[in-house]
Each structure stands twice: as structure tokens, then as C-alpha cells.
Amino acid sequence: YVRAQWASMEWGDSPAGSSVYVIRGTWREYGNAPVSARFEMWITPDGDLKLYQIAETIAVQNQPPQTVVSRWNVDLKLDAKPEPTAFVLKR
């Protein structure tokens, strides 16, 4: 589902002083929807996801268009094991 939201992808420039790879492109709400936004991902050389964001321009009746950016700063590690204490049943 998520892969179908990425209408296009390309390599982007890494932020100054950073060693992450940047992948950006166009985004759509679902597989055959029209493109409505741009996305960006920051990935470390080890394959860990550090940032994911979507920037979409929205126009509301009689108002100038506004760009809304949804940004998730994350630390998702490839093949990581979850902390066992995160799944402890509390009674």
C-alpha cells in the first residue's frame, strides 16, 4: 500500500554535515490517485530510517493555498529486536 503511494523516487542531496542518504519524490494518497504531494526519507548507510515527511499544498475555499508538512523524526533500525519490556502485561 505504502509503496504504491510513492509515484516517483530520486536521490536527493544529503543535509550538510550529515551521512544520511536522502530519497525524495512525488506522493499520492493511494495507488492510482493523482499526485498531490512530495515525500522525503532520510536513511543511514546501515539502512535505518531517520526521517519521513510529506509536504502537501492544500487550498481551502476563498483562502490562499497553504503547504502542510507532516514530519516524523524516527529511529527505525533494520532487523532490530524490540525491547521485551515494551510488551509486558500490566495487571
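The model is predicted, so local features need pLDDT of at least 70 and side-chain atom pairs count only at pLDDT 80 or more, while totals for chains, interfaces and linings use all residues. Residues are numbered from 1 along each chain as its sequence is written, and side-chain values use heavy atoms, with hydrogens and water left out. Strands are DSSP runs (E, at least two residues), numbered from the N terminus.

**Nonpolar core**
- Nine residues make up the largest nonpolar core: Ile23, Trp27, Ala37, Phe39, Met41, Ile43, Leu49, Tyr52 and Ile54.
- Such a core is a set of buried Ala, Val, Leu, Ile, Met, Phe, Trp, Tyr and Cys residues joined through side-chain atoms within 4.5 Å; buried means under 20% relative accessible area, exposed over 50%, and partly exposed in between (1.4 Å probe, protein chains only).
- At least two residues of this core come from each of strand S2 (21–28), S3 and strand S4 (49–58).
- S3 gives the largest share of this core, four residues.
- Met41 is in contact (heavy atoms within 4.5 Å) with Trp6, Met9, Tyr21, Val22, Ile23, Leu49, Leu51 and Tyr52, leaving aside neighbours within four places in sequence.
- As background, nonpolar side chains tend to be buried together in soluble globular proteins.

**Aromatic rings**
- The whole structure holds five aromatic pairs, counted when ring centres of Phe, Tyr and Trp (its six-membered ring) lie within 6.5 Å, with planes under 30 degrees apart called stacked, over 60 edge-to-face and the rest tilted.
- Tyr52 and Trp72 are a stacked pair, because their ring centres are 5.9 Å apart and their planes meet at 25°.
- This pair ties together parts 20 residues apart in sequence, since Tyr52 lies in strand S4 and Trp72 in strand S5 (residues 66–76).
- Tyr52 is buried at 14% relative accessible area, whereas Trp72 is partly exposed at 43%.
- One aromatic cluster is formed by Trp6, Phe39, Tyr52 and Trp72.

**Glu40 and Arg24**
- A search of the whole structure gives four salt bridges, each a side-chain nitrogen of Lys or Arg within 4 Å of a carboxyl oxygen of Asp or Glu.
- Glu40 and Arg24 form a salt bridge, with their closest N and O atoms 3.0 Å apart.
- The two residues sit 16 residues apart, Glu40 in strand S3 and Arg24 in strand S2, and the pair links distant parts of the chain.
- Glu40 is buried, with a relative accessible area of 14%, while Arg24 is partly exposed at 22%.

- Asp48 and Lys77 meet through their side chains in a salt bridge (4.0 Å, N to O).
- Asp48 lies in the loop between S3 and S4 and Lys77 in the segment after S5, so this pair ties together parts 29 residues apart in sequence.
- Asp48 counts as buried at 11% relative accessibility, and Lys77 is partly exposed at 46%.
- Lys77 also forms a salt bridge with Asp75, at 3.3 Å between the closest N and O atoms.
- A network of salt bridges links Asp48, Lys50, Asp75 and Lys77.

**Ser14 in its loop**
- Ser14 has its place in the loop between strand S1 (10–12) and S2, and is partly exposed, with a relative accessible area of 37%.
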